[in-house]
Amino acid sequence: MKILFASAEAYPLAKVGGLGDVAGSLPKALKALGHDVRIVLPKYQMVRDVKEDLGSFSVAIDGSRHEAGLRMSSIDGVPVYLIDYPPLYGRPKVYEYEDDGKRFGFFCKAILDFLPVANWWPEVIHLNDWHSALSAAFLETMYSSDARYQRIGTVLTIHNMQHQGLFGKEVFDWLGLPPETWSPEGVEFFGQLNFMKAGIVYADRVNTVSPTYAKEIQTESYGYKLDGLLRSRAGKVSGILNGIDYDVWDSKKDQLIDQRYSKSSMEKKAKNKAALQEEVGLPKDSRAPLLGIVSRVTEQKGFDILIPALPQMTKLGAQVVLLGTGEKKYEDPIALIAKAHREFVAFLKYDEALAHRIYAGSDFFLMPSKFEPCGLGQMISLRYGTVPIVRATGGLSDTIVDVSADPAKGNGFTFETYTPAALLDATRKAIDCYRGGRGWKALVQRAMTRDLSWGASAKEYGALYEKVLGS
Ligand code: ADP
């Protein structure tokens, strides 16, 4: 099948979070299954690896023709089309600009407009999150009478329901979508333009990144006001668990860590722990359980319950290393706690290499998320034999089995209630298991055994594309 994979991020060209990981690895796995898959991405300033110039094409918006360049790059043999339009993308960051509505609205139209110049026509366009979701609305309305576009099916993957791409009516007017789409049955959402909603309405199939999250977003607590719409389209909604990229995350080959190790050379993991303690300035104590956190510092990731629990964790004798950046309201108290407790260190920045060393050097990985569409951190840590302590929600529920509840199959520790006390309780159990020794080694071995590669999930995506073409 010919698949165009549209995303605002794709590792290693541009990554902010999990979406970048997925867009950098799922297409590779689809290619390995024999599909002709290509990625389309805006050419931000940080995207420097341009291999070819395919000329230019025009995007008709707001009564004028905007000339954009079409460049070509690749990620491990997967071709990447780059939409080169410096007025909107020639900036240092991927997101968080005032005109993001225009930036990604333009992208949604450009995804369709570059195809004649590329002279390559996909059978399915796979849209990812709100940044590309509006393409489905363009395709089903303004492009529906063009035979070349009529045959194209669409899949929208929701990686995070919280971010829907909400903008004022002026963005809708600027983009020039047909006036009849400005309705509650179309792209309008309480007086605003909602990109994600447009995708849910107009895409042939909608999926999210874990089976549990697919159910959760159809409820009021997780649906961010789109649960009703999703329930009404339940027949086309499904969940497919993400995988992780084994080329990037492999303790046996990882060049960014101190010592490479496997299930049968766990003594080397202990050396990674010592190296990490040294690097981050934690007391060099091989027996202290070391808890790692690599995360965006936002409400979603559970910082409201984590911050009050941090001092208590150090009282339990644990060491904690945190890597992450995000909201000031969380970063400030984190910095204060780090000053007061030598067993807690925090690096408030983005650092790919340090992330690898935290996954490899920690005994536990903490992920007390308020909600979690899939979560990659817990999967990466399983692969590194670092036992996850997670809140049972979304993809965390689908990947982590609590070992106290199921000693034979358990691969981590989970808790349900969103409180510091519940998090601490799970942490206490985890530390007891680590200190008690019994069952600990088997737990770590089981964690490392689970297949988390993209193989199985890529096949599920293949089946989903077949359904789209079949309909
Ligand atoms: P989300 O996409 O919601 O941020 P995921 O768990 O799905 O969460 O993916 C997060 C990805 O980003 C993981 O690969 C994680 O290692 C990485 N990451 C998050 N914060 C940082 C950071 N500060 N430095 C390096 N990598 C980070």
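How many cavities of 30 Å³ or more does a search of the whole structure find? The search finds 1. Before we look inside, a word on the ground rules: this is a predicted model, in which local features need pLDDT of at least 70 and side-chain atom pairs count only at pLDDT 80 or more, while totals for chains, interfaces and linings use all residues. Residues are numbered from 1 along each chain as its sequence is written, and side-chain values use heavy atoms, with hydrogens and water left out.

Let us start with that cavity. On a 1 Å grid over the protein atoms alone, a cavity is a set of points where a 1.4 Å probe fits but cannot get out, and lining residues have an atom within 4 Å of a point. The largest cavity holds about 80 Å³ of space, where a volume is the space filled by probe spheres set on the points, and grid points are joined across faces, edges and corners. Among the residues that line the largest cavity are Tyr-11, Asp-21, Trp-249 and Leu-376. Helix 1 supplies the largest share of this lining, 3 residues; helices here are DSSP runs of H or I with at least four residues, strands are runs of E with at least two, and both are numbered from the N terminus. By type, the lining of the largest cavity divides into 6 nonpolar, 3 polar and 2 charged residues. In this scheme Ala, Val, Leu, Ile, Met, Phe, Trp, Tyr, Cys and Pro count as nonpolar, Asp, Glu, Lys and Arg as charged, and the others, Gly among them, as polar.

Tyr-11 has another feature to show: a cis peptide bond joins it to Pro-12, with omega at about 5 degrees. Pro-12 sits in the loop between strand 1 (2-6) and helix 1.

Leu-376 takes us on to the ligand. A polar contact is a pair of N or O atoms within 3.5 Å, and a backbone N or O atom of Leu-376 lies 2.9 Å from an oxygen atom of the ligand. For Arg-296, a polar side-chain atom is 2.7 Å from a ligand oxygen atom, and for Gly-377, a polar backbone atom is 3.4 Å from one. The protein covers 92% of the 570 Å² of accessible area that the ligand has on its own, by the Shrake-Rupley method with a 1.4 Å probe.

In total, 22 residues surround the ligand, with Gly-18, Arg-296, Lys-301, Tyr-359 and Leu-376 the closest; a residue counts as near if one of its heavy atoms lies within 4 Å. Helix 16 gives the most to this shell, with 3 residues. The shell divides into 8 nonpolar, 7 polar and 7 charged residues.

Finally, consider the second largest pocket, with a volume of about 410 Å³. A pocket is an open set of points with protein on both sides within 12 Å along at least five of seven lines. Of its 15 lining residues, Met-266, Ala-270, Asp-363, Tyr-434 and Trp-440 are the closest to the centre. Helix 13 (267-280) and helix 20 (440-449) are the elements that each give two or more residues to this lining, and helix 20 has the largest share, 4 residues. The lining of the second largest pocket divides into 5 nonpolar, 5 polar and 5 charged residues.

Conventions: A polar contact is a pair of N or O atoms within 3.5 Å; within protein, one must be able to donate a hydrogen and the other to accept it, and residues adjacent in sequence count only if both atoms are side-chain atoms.
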